Amino acid sequence: MILYLLKRLAVLVASTAVAGVAVFAFMALLPGDPAEIALGVNATPEAVAALRERFGTDRPPLSQFADWFGGLIQGDFGTSYVTSSPIGPQIGDRLGVTAVLVLGGMVIALLIAVPAGTFAAVHHRNPLGVTISAASQVGIAIPAFLAGILLVFVFAVKAQALPSGGYVPIAEDPRAWLLGLLLPWLSLGLVQGAVLTRYVRSAVLDVMREDYLRTARAKGRGRMGALWRHGLRNASIPVVTVLGLQLATLLVGAVVVERVFVIPGLGDLLLNGVAGRDLLLVQGVVMVLVVAVLLINFVVDVTYAVLDPRLR
Amino acid sequence: MRGRVNAGLIAGAVLVGIVVLAALVSFVWTPHDPTLVDASNKLREPGGGYLLGADKFGRDTFSQLMVGARTTLYVGIVAVGIAALIGTPLGVIAGMTPRGWLAELIMRVNDLVFAFPALLLAVMLGAVYGAGTLTAMIAIGVATVPAFARVARAATMQVMVTDYILAARAAGRRRAAIAVRHVLPNIGSMLIVQASVSFAIAILAEAALSFLGFGTRPPIPSWGRMLQESQELLFSTPRLALWPGLAIALAVLGFNLLGDGLRDYLDPKLRRIRAER
Amino acid sequence: MLSVEGLTVRADAVELVREVSFDIAPGERVGLIGESGSGKSLTALSLMGLLPEGVRASGTARLGERELVGVPEGRLKDLRGREVSMVFQEPMTALNPLMRVGAQVAEVMTLHGRSRAEARARAVELLGRVRLPRPEQLARSYPHQLSGGQRQRVMLAIALANEPGLLICDEPTTALDVTVQKQMLELIAEVAPALLFITHDLAVVAAVCERVLVMYGGRVVESGPIREVFARPRHRYTEGLLAASKLTPRGTRLPTIKGSVPAAGRFPDGCVFRNRCPYASEKCQTEPALTGDGHAYACWHPAD
């Protein structure tokens, strides 16, 4: 168990390092000199050189990378070339918003997918089960931002019951915070719920064919009792894998949904950074998102070990 | 042994067929010029030669949808092509020597690429080279490589233990020959299924990117951008969001159904290897 | 003890088991032999109420005072694991991989009303009774840490936990190594209350059972005390089966039954064996009844 965890941890650390190199190398390709861009066309060469020195962009790439990555490890994302403000705190603020958005979406997805998928598997021969499968197929075909637009149309435009966008911090007004997040959560949750439903269904179907379920019934459990006691935990193993992948997808989906609902999260920050050519900011946000995905994978691996004694 | 043609397969084929047909016809004919800005037709209601009405610039929605189908298929074909061309050989190599260092390396890199979703790649590429159809296609393609490699690897590993491969290996055939003559033809059906599923995801990604302004640039019509442009008019003219939204959903549904249906039809035995989403 | 009358199993219109009748006395060990597709496993599963979806049983099967066939699942599940238990063929997949072995044994007891603590203690005792080494330690392990033979013993412990009146074993040793098989068979013969033992292996049946039922095409074609049936088979199918299993001197061909077992629903009417039987005649188009006292057979042209 400990060996397994250490191995996974090593993979996480190594992947993060390689991802750091990749992101840095990629962004270093960016044409244009940040100092020149910051000062505009009419800047004197001396001023540009001075600024370059301040940014550190006059030094060799390797030492720039070491600085950047070393800073990252300590939570220092550097100072924006464009706005001259530190990047770390900005990312910190936005990360919380995006995390709440993604986790809320995931909870809704699970609340939909686990009962619906299990039901569809148990009743895979009757019309209602087939209907659920078909509905999930349709749900998958709808991108999160389209779901968002549809939800806005129904709940904000027609029913006028919920705000069509905007974000109120929870500290300011918890009620407005909740109401504002409901539609974004639903946009992410409904779509991911549909995807997940299919996986839950097929995982439960697979488990239902397992011999140990027959053993459980031979012990005197009913069909549902056997599935509940012996099936769901076994079925959860493949579902956890997908859940990990889904969380990563949700993170990306959140970027788009933030745009639909005008929510100041990481996605919003990233897109603003690109628009403003804020290289270091983009680099930082991309890195945070990638590390988040890697961390999710790590958590999935740990969850496996907890769920499955064969891995310990 | 082939499975039977199921309803999903037919429905999927029909939906995909409609998208392909619309795209092909758009080369020779559209009701109106989809890029023609005409203030006199601003937000024109459906009817009178404008089947689905016109947008805020007076452009015909139906014509835009037709050319948008072209954009969608173009991005999908190139992206899936990139993913298949890179992912398949990597997956086959990893699957033929599952314990070798090369396989280990391939799968590790694969996992790492998996951490970079299409959207992030596209945003990064867009930041460097300027966003456009090309960067979107490359980003989606590269991000889809891991899915192809995984499926190719899993299918190859299954094929490698079959009698005819064992016979070929016993006969001393070279690995490359085995890969080309025996493995590829036998994992082909899985790859076709994967291509169909990946196509659906590529459509979703392209739509999202265009929606964010990182995809196809104006004036070339794209379903995702039509949606983005319609958002501010959602209160007054919701139909502008309805049609491109429906187009995206039906196209994605079509490719997904086609993929699932093909899997059941082509190779019922291999159903256990799921296409990666 | 167990009394089966006219048991018929159907999947839609296809008859998979037809009019099977037999009795098992308390303490008696009865073998049910036949090739795959003969309906022997379905016969067993219908006694457990565990037939696959879409497959139905009719007829009667009485265990003591209780009816086993055509009873609602709610009542049947109270009998399973308490009055009648079953050990399956494949030990590698029959146990839940995520649950400790001891807990899986204890579960069958808590399900039928024992307290948790009592069940746990008795689980260890049972693991010892099926001759697993160091039962306390073993109870805490997971199935993947056990060998196939050990897992099958765990299955046996589960089956015996509530002291059922009848134990059904479906090819319990087929998946095991030959060396492990013998110990397992001895153990089953020793601990079983009344036993219904399903196998395709004649030697195994001879080692464990006192009486044997021979099934072919969903019917019992011959039944009787094992010595009699094996020494003097009357049905031509049994005769062929025994001949095929005999060791022959090197160089001579193993006598086999011609043709292969038809698919379900493709057996001929009349005598189900007639399309493969060298003695078949016109008469065999009528279904022969299972007749005879003690040693019974359903054949128009019996061997003598």
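A: The C-alpha centres of domain 1 and domain 2 of chain A lie 40 Å apart; domain 1 covers 31–76 and domain 2 covers 94–311, with bounds that come from an automatic or database domain assignment. The model is predicted, and local features need pLDDT of at least 70, side-chain atom pairs count only at pLDDT 80 or more, and totals for chains, interfaces and linings use all residues. Residues are numbered from 1 along each chain as its sequence is written, while chains are lettered from A and ligands numbered from 1 in the order in which they are written.

Turning to the side of chain A that touches chain C, 18 residues of chain A are in contact with 25 residues of chain C, where contact requires C-beta atoms, placed from the backbone, to lie within 7 Å. Two elements of chain A, α9 (211–218) and α10 (223–261), each give two or more residues to this side, and α9(A) supplies the largest share, six residues; helices are DSSP runs (H or I, at least four residues), numbered from the N terminus. By class, this side of chain A holds nine charged residues, five polar and four nonpolar, counting Asp, Glu, Lys and Arg as charged, Ala, Val, Leu, Ile, Met, Phe, Trp, Tyr, Cys and Pro as nonpolar, and the others, Gly among them, as polar.

As for the other chain pairs, two pairs of chains touch, and the one with the most contacts is chains A and B, whereas chains B and C do not touch, their nearest C-alpha atoms being 18 Å apart. Within chain C, Leu127(C) touches residues including Val105(C), Leu132(C) and Pro135(C), not counting residues up to four places away in sequence.
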